[in-house]
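User: Could you walk me through how the chains sit together here, and where the charged side chains pair up?

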2 protein chains.
Amino acid sequence: MATRPRTYGQRCGLAFSLDLLGERWTLLILRELDRGPKRFGDLLEGLDGIGSNLLSARLKSLQEAEVVEQVILPPPVSSPAYGLAERGLKLQPILEDLALWGFELIPDLDQSPELTTKATWAAMSMKAAMDRNPTSPPEGIFGFEVGAENFWLRVSDGESILRDGPPPFEPDAAIRLSGERFFGVASGRLALADSQAEIRGDLPRLEALLCTFRLPE
Amino acid sequence: MATRPRTYGQRCGLAFSLDLLGERWTLLILRELDRGPKRFGDLLEGLDGIGSNLLSARLKSLQEAEVVEQVILPPPVSSPAYGLAERGLKLQPILEDLALWGFELIPDLDQSPELTTKATWAAMSMKAAMDRNPTSPPEGIFGFEVGAENFWLRVSDGESILRDGPPPFEPDAAIRLSGERFFGVASGRLALADSQAEIRGDLPRLEALLCTFRLPE
DNA sequence: CCGGATCCGTAACGATACTG
DNA sequence: CAGTATCGTTACGGATCCGG
């Protein structure tokens with residue numbers, strides 16, 4: 001039949017949201033796209049475990065629901081990619097709230113080392129905590145190079161965005177360090193001065209940023 | 001094996017939230033419990049389509065995760081029921097945000113009459129919109145009897161709660177009307193005066209309430 | 001009758017192979 | 001690189017059964 005299988009069939013906002021977003025992997029796809037447009041292969045890698053057929057199906061549904069749209073990356077690359085549509089952008093604070101709720105329940109690293117760890121995922125919860133913190137962070141563009149991962153954070157006009165990849169402009173401050181040390185600094189266990197981090201640019205501003213951009217709780 | 005099947009295995013707040021809450025029906029169970037403790041049979045009815053085996057399994061997982069807890073209803077009933085634990089209460093604003101996001105995407109009644117409709121589900125989105133409205137609603141306890149459904153709303157100290165069932169105290173104002181007329185009034189298409197509603201108590205306060213407690217968008 | 005547990009057919013998912 | 005096709009496995013849906 002034409003109607004989608006296994007929907008809840010209820011005239012309820014939450015149930016309808018889940019009809020669109022509640023299947024396995026869907027919200028994690030939006031999590032990846034939340035950090036900027038990504039190509040099919042990038043998504044496959046960041047989701048690790050999803051089959052290419054499922055990813056394809058999910059992207060199709062999300063486009064039909066106008067939550068995700070295909071975008072064309074700027075001409076040097078010129079390859080097809082996916083990004084959040086306007087309707088998808090509205091989900092951003094909800095994803096962040098859910099990320100904060102779950103973050104404090106994650107078992108410690110020594111208790112469950114089998115979990116795959118990425119600094120950029122932690123950075124999403126850090127940004128969420130920062131946005132909800134009454135003390136406002138310093139403005140600017142900040143670059144992070146954590147192990148092999150690159151991401152950057154922009155704070156301006158009280159708004160903040162987090163993106164994967166190297167910063168598109170020269171950042172106000174940039175930091176490079178290992179994953180382990182990044183988590184040490186982000187949790188406050190390790191002082192920035194002791195972290196052997198390679199830092200470029202405005203060090204005081206970076207230090208001020210790290211007072212609010214840190215692991216929550 | 002001991003580890004739960006089909007978890008994402010990622011050290012990410014969102015992924016971990018979904019490991020606990022992302023399976024089918026789970027968030028809808030929390031939606032039902034959000035309006036007060038419910039017994040197994042009440043949940044089966046409100047979810048319509050879930051199998052009793054699945055409901056049982058979900059309740060077990062949610063209790064293990066300390067999101068839901070068993071409660072004993074007060075002595076006249078004295079039967080076992082389920083309610084939100086403290087950790088589950090923290091999800092309430094997130095469920096409301098998701099409900100608001102999905103609400104405006106629900107097709108109109110004439111376009112999809114096959115969706116099952118309950119006034120209490122709509123009331124959840126109405127409460128969510130009210131809580132997020134800068135103009136604050138009047139305080140008090142308000143009873144609703146919509147068709148065969150009963151629910152009540154309490155506003156005090158800028159907090160509001162919505163519960164199924166008849167109000168436990170004499171409400172400041174109470175209204176009884178058909179489902180169709182309820183939706184007419186809630187959407188603003190139908191004036192309260194023309195709704196043939198049976199009203200008890202403080203009419204002006206009820207009218208003031210309905211200025212913010214209404215269908216969003 | 002209420003609160004579940006058991007069983008089985010079907011739909012969704014996971015892994016891999018394949019194509020343009 | 002970006003998807004499609006195929007197929008074995010797992011979870012869900014619906015019914016039935018069981019104990020208080």
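Predicted model: local features only at pLDDT ≥ 70, side-chain atom pairs only at ≥ 80, totals over all residues.

User: By what turn can chain A be laid on chain B?
Analyst: Two copies of a chain are related by a rotation about an axis and a shift along it. Here the shift along the axis is 0.0 Å, and the superposition has an RMSD of 0.0 Å. The two copies are thus related as by a two-fold rotation axis. The turn is 180°.

User: Which residue of chain A comes closest to the rotation axis?
Analyst: Going by C-alpha positions, the distance to look for is 3.2 Å. The residue at that distance is A:I94.

User: How many residues does chain A give to the contact?
Analyst: The copies meet through the same surface, because 100% of the interface residues of chain A are also interface residues in chain B. Chain B brings 48 residues to the contact, and the number from chain A is 48.

User: What area do chain A and chain B bury between them, and which residues of chain A lose the most?
Analyst: The two chains bury about 4,500 Å², with 66% of it on carbon and sulfur atoms. On the side of chain A, three residues together account for 21% of what that side buries. Those that lose the most area to chain B are A:R11, A:L14 and A:W101.

User: How many salt bridges cross the interface of chain A and chain B?
Analyst: Side chains of opposite charge can pair when their charged atoms come close. B:E104 and A:K90 meet in a salt bridge, at 3.7 Å from N to O. This pair runs from the loop between α6 (92-103) and α7 (119-131) of chain B to the loop between α5 (86-89) and α6 of chain A. B:K90 also bridges to A:E104, and the count across the interface is two.

User: Which residue forms a salt bridge with A:R39?
Analyst: The closest N and O atoms of this pair are 3.7 Å apart.

User: Which residues are linked with A:R31 in a network of salt bridges?
Analyst: A search of the whole structure finds 32 salt bridges over all chains. In the network that holds A:R31, the other linked residues are A:E32, A:R35, A:K38 and A:D164.

Definitions and conventions:
Residues numbered from 1 in each chain as written. Chains lettered and ligands numbered in written order. Heavy atoms only, no water. Least-squares fit on C-alpha atoms with pLDDT ≥ 70 in both. Contact = heavy atoms within 4.5 Å. Buried area = accessible area lost by both parts, 1.4 Å probe. Salt bridge = Lys/Arg side-chain N within 4 Å of Asp/Glu carboxyl O. Helix = DSSP H or I, 4+ residues; strand = E, 2+ residues; numbered from the N terminus.
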